[in-house]
Amino acid sequence: MKWQSLPARSGVFCCLLMLVAGFTSLYLRYLNFTTESFVFVSEAAVRQNVSLDETLNFGTRPAVRTRTSWNAPIIWEGMFDPILYDQKHTQAESTVALTVFAVGRYLDAYLNNFLVSAEAHFMLGLPVTYYVFTDVPEKVPNITLAPQRTMKVIQVEKHTRWQDISMMRMKTISEMIDKEISHSSKYIFCFDVDQVFMGRFGSEALGDSVALLHAHYYKLPKDRFTYDKNPKSKAFMETGDFYYHAAIFGGLCKNVKHLADVCYLSIMEDKINDVEALWHDESHLNKYFWVHKPSRLLSPEYCWDQSIGDKSDIMVMRLVWALKDYANLRTR
Ligand code: UDP
Ligand code: MN
């Protein structure tokens, strides 16, 4: 009996096995299908945002660092295809706001050259709105702007101390992002006025949160960075990643708004506590980018000081420091 029933039983077992295998294969095919369609959807979304940076050539500049420890690119000449970046940003209809302050004697000394050179080199091909903040709007030079480029002049108060003129930019920038910039521009870049564009400063510089490596410090060891070392200041930091230059920072409006708010609140807290950070807004900016890592770094090619002797890493000077004349230009 047992002997006879064995083939019958194994027949049933085989049928069951085939059924299970059949269902498993169908289920796997279903999984595969859904996985494939999932991959397809996310790839399309990703292509919109990051695939442009996947075209960056990180190995083309072996003498310099091209990536941070948290994998943010550091943009150097040769790493990117400018035509591709411009195409993608034009397709995405990226719009850019540039803020610049020219208060007191800084207006006559720098603003005209800054704006004229920006028209020749800054984000060509993309819609750009300049926001010029000054205490004397009628003195802002009348620059001829290319199509799709506009300028708004906004009057601001002239703080007595030059340190406050510099630091209080954070408050004005934050307010202006809320009031106007976030409604009309996707990206914002905030610039010092004492500099001149000399080469392409293009869409490769755009990113979620953008910081600039300071020309004087990018090669130095961390212990030489001039972070604020006073524990009483909100800008205090013992160590950091890089030394960033406050002459340029940028990103998506919401990120720059956050940066400006945090820096402004820290500056005001310092005032209440009767302390001032060593390098003013720059110290607070360095603290901010230590806590909130930037997603993109610009090499010193984007803001070079021509008085620096060793230019071996600088393949293009995109923007250079204008001559400083603190004795005559700064309010005392
Ligand atoms: N600024 C200004 N008027 C002043 C002082 C500063 O308009 O009297 C603005 C201007 O945009 C300037 C920026 O604040 O570029 C930062 O000041 P500065 O360039 O003197 O700082 P540094 O480059 O020496 O850090
Ligand atoms: Mn400056």
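Ala, Val, Leu, Ile, Met, Phe, Trp, Tyr, Cys and Pro are classed here as nonpolar, Asp, Glu, Lys and Arg as charged, and the others, Gly among them, as polar. On that basis, the shell around ligand 1 comprises seven nonpolar, five charged and one polar residue. The structure is a predicted model, with a mean pLDDT of 91 over the chain.

**Ligand 1 and its surroundings**

- Ligand 1 is surrounded by 13 residues, of which Phe101, Val103, Tyr106, Lys324 and Tyr326 are the closest.
- Arg330 contributes through its side chain, a polar atom of which is 3.0 Å from an oxygen atom of ligand 1.
- The protein buries 90% of the 510 Å² that ligand 1 exposes when taken alone.

**Cysteines**

- With a disulfide requiring two cysteine sulfur atoms within 2.5 Å, the count is zero.
- Cys190 is in no disulfide, and the nearest cysteine sulfur, that of Cys253, is 9.2 Å away.
- Cys190 counts as buried because its relative accessibility is 3%, which is under the 20% cut-off.
- Cys303 is likewise classed as buried, at 0% relative accessibility.

**Confidence**

- A pLDDT of 70 or more is reached by 85% of the residues in the chain.
- Residues 31-42 have pLDDT below 50, and beyond near neighbours in sequence this stretch has zero contacts in the model.
- Where pLDDT is low, predicted coordinates should not be read in detail.

Key: Residues are numbered from 1 along each chain as its sequence is written. Chains are lettered from A and ligands numbered from 1 in the order in which they are written. This is a predicted model: local features need pLDDT of at least 70, side-chain atom pairs count only at pLDDT 80 or more; totals for chains, interfaces and linings use all residues. Side-chain values use heavy atoms; hydrogens and water are left out. Buried means under 20% relative accessible area, exposed over 50%, partly exposed in between (1.4 Å probe, protein chains only). pLDDT is the predictor's confidence in each residue, from 0 to 100. Contact means heavy atoms within 4.5 Å. A residue is near a molecule or strand if one of its heavy atoms lies within 4 Å of it. A polar contact is a pair of N or O atoms within 3.5 Å; within protein, one must be able to donate a hydrogen and the other to accept it, and residues adjacent in sequence count only if both atoms are side-chain atoms. Accessible areas come from the Shrake-Rupley method with a 1.4 Å probe; for residues, only the protein chains shown count as cover.
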